[in-house]
Amino acid sequence: MHLNKIINKADRTGIILTRMLSTLLFIIFCFCMGQRVTAQQAVVTLDREQILIGEQVTLQLKVENLTDQAQSVQNWFKVKDTANHIEVVRSGKIDTISVDGQTTLMQKLTITSFDSGSWQIPVIEPVVKDINNQEYTLSTTPVTLRVMPVDVSNLKDFHPVKDILNVDYRDYTWLYITGAVILLGLLTFLIIRWIKRTKDRPKTGKPVVKGPPLAWAMGQIDALEKEKLVEAGKVKEFYTRLLDICRAYFDERLSSHAFQATSKELVASLQAYLVRHKERADMESFASLSDYVKFAEHSPEVEKTKEAVTIARQTLTSVEKQIMETQKKNDR
């Protein structure tokens, strides 16, 4: 009876130990499973496994479940630009996603192939370093891309190779050369004409009075006559310069802004200095004749030109005389 009790007690103890051992093994198993679930892993995927020649497909490279502080990627995936009939068209940047201390790195590549067949993507696996500076490679499952040829037999736009066609070609080189010669001749004519007109243009510009105004003006008129411009057919230049000499004298002696005044305004400003009617009439006739020559291309007779020179000299002399008399009166 006592022995049976001892045996029963031993059986119960064994059962308890067995249950405790089972529980311990179950806890260890769960721990290991948990570690396995959260272990780092590298994943390579394609969004499509089959394409036509030249089509593009996205290759995704991913490293998951890295512990932020304890692990880091030492070497990222490597995919050659061209290898095993696969070409990398574009490489995206590596994105980082961290959730509850777990980090996931991900990169997308656009690839293509121009060779039909079944090609394994040549991917070099990444290397991870842990907190103990130990490096290990994360293995991946090989990914294969199937590239199908394009069927062009039913394309409506497909046409067979044709023979060389004759083209109705005409050589218009002679026409271009003729046009260029005519254009060059016309351009040359216009340039020569412009240069000639510029050369024949009367010398204009406000003369600079040097010395006593009357003496300077008389000397300028003498020099102008000696140039024989009228005899050379340059009547317009002669009358323009003759009238400009008179205007320069009036500007200097009377401060009348003679170069800005019209011929009528000029004659009117001299009323106080040309006391006799004949002097005013002669000056008005000379100014009008100069305008006809200058603006209407009028060519007066030689006698008229000599008369114009005489009127210019007499007008300057009369104005100078009147100025001197006025100064004497003012000095008294």
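Proline 126 sits in the loop that links β11 (123–124) to β12 (127–129). The model is a predicted one, and in it this proline is buried, its relative accessible area being 0%. What does proline 126 touch, once its neighbours within four places in sequence are left aside? The list runs to Ala42, Val63, Asn75, Trp76, Phe77, Tyr136, Thr137 and Leu138. Take valine 63 from that list: 63 residues separate valine 63 from proline 126 in sequence, yet the C-alpha to C-alpha distance is 8.2 Å.

Now for the helices, starting with α4. Helix α4 (residues 235–254) and helix α7 (residues 302–331) have axes that come within 11 Å and cross at roughly 0 degrees. The two helices are therefore roughly parallel to each other. On the α4 side, the contact is built from Phe238, Tyr239, Leu242, Cys246, Tyr249, Phe250, Arg253 and Leu254, while α7 brings residues including Ala308, Val309, Ala312, Leu316, Val319, Ile323 and Met324. Sorted by class, the α4 contact with α7 comes to 14 nonpolar, 3 polar and 3 charged residues.

The other partner of α4 to look at is helix α6 (residues 277–296), which packs against α4 at an angle of about 135 degrees, with the axes 9 Å apart. That angle makes α4 oblique to α6. As for handedness, the crossing of α4 and α6 is left-handed. Here α4 puts in Val235, Lys236, Tyr239, Thr240, Leu242, Leu243, Cys246 and Phe250, and these meet Met283, Phe286, Leu289, Ser290, Val293 and Lys294 of α6. The tally for the α4 contact with α6 is 10 nonpolar, 2 polar and 2 charged residues.

How does this tie in with the core? In soluble globular proteins, nonpolar side chains tend to be buried together. The largest nonpolar core in this model has 35 residues, and the members that touch the most others are Leu242, Phe250, Met283, Phe286 and Leu316. At least two residues of this core come from each of α3 (213–226), α4, α5 (263–269), α6 and α7, with α4 giving the largest share, 11 residues.

Leucine 316 is worth a look of its own. Neighbours within four places in sequence aside, leucine 316 is in contact with Leu214, Ala217, Met218, Ile221, Cys246, Tyr249 and Phe250. There is also a second, separate core of 25 residues, and among its members are Ala42, Val44, Val88 and Ile121. Ala42 has already come up as one of the contacts of proline 126.

Terms used. Residues numbered from 1 in each chain as written. Predicted model: local features only at pLDDT ≥ 70, side-chain atom pairs only at ≥ 80, totals over all residues. Heavy atoms only, no water. Axes fitted to C-alpha atoms, helices over the stretch in contact; angles between N-to-C directions. Helix = DSSP H or I, 4+ residues; strand = E, 2+ residues; numbered from the N terminus. Parallel < 35°, antiparallel > 145°, perpendicular 65-115°, else oblique. Contact = heavy atoms within 4.5 Å. Nonpolar A, V, L, I, M, F, W, Y, C, P; charged D, E, K, R; others polar. Left-handed = near helix turned anticlockwise from the far one by under 90°. Core = buried A, V, L, I, M, F, W, Y, C linked by side-chain atoms within 4.5 Å. Buried < 20%, exposed > 50% of the residue type's maximum accessible area, 1.4 Å probe, protein only.
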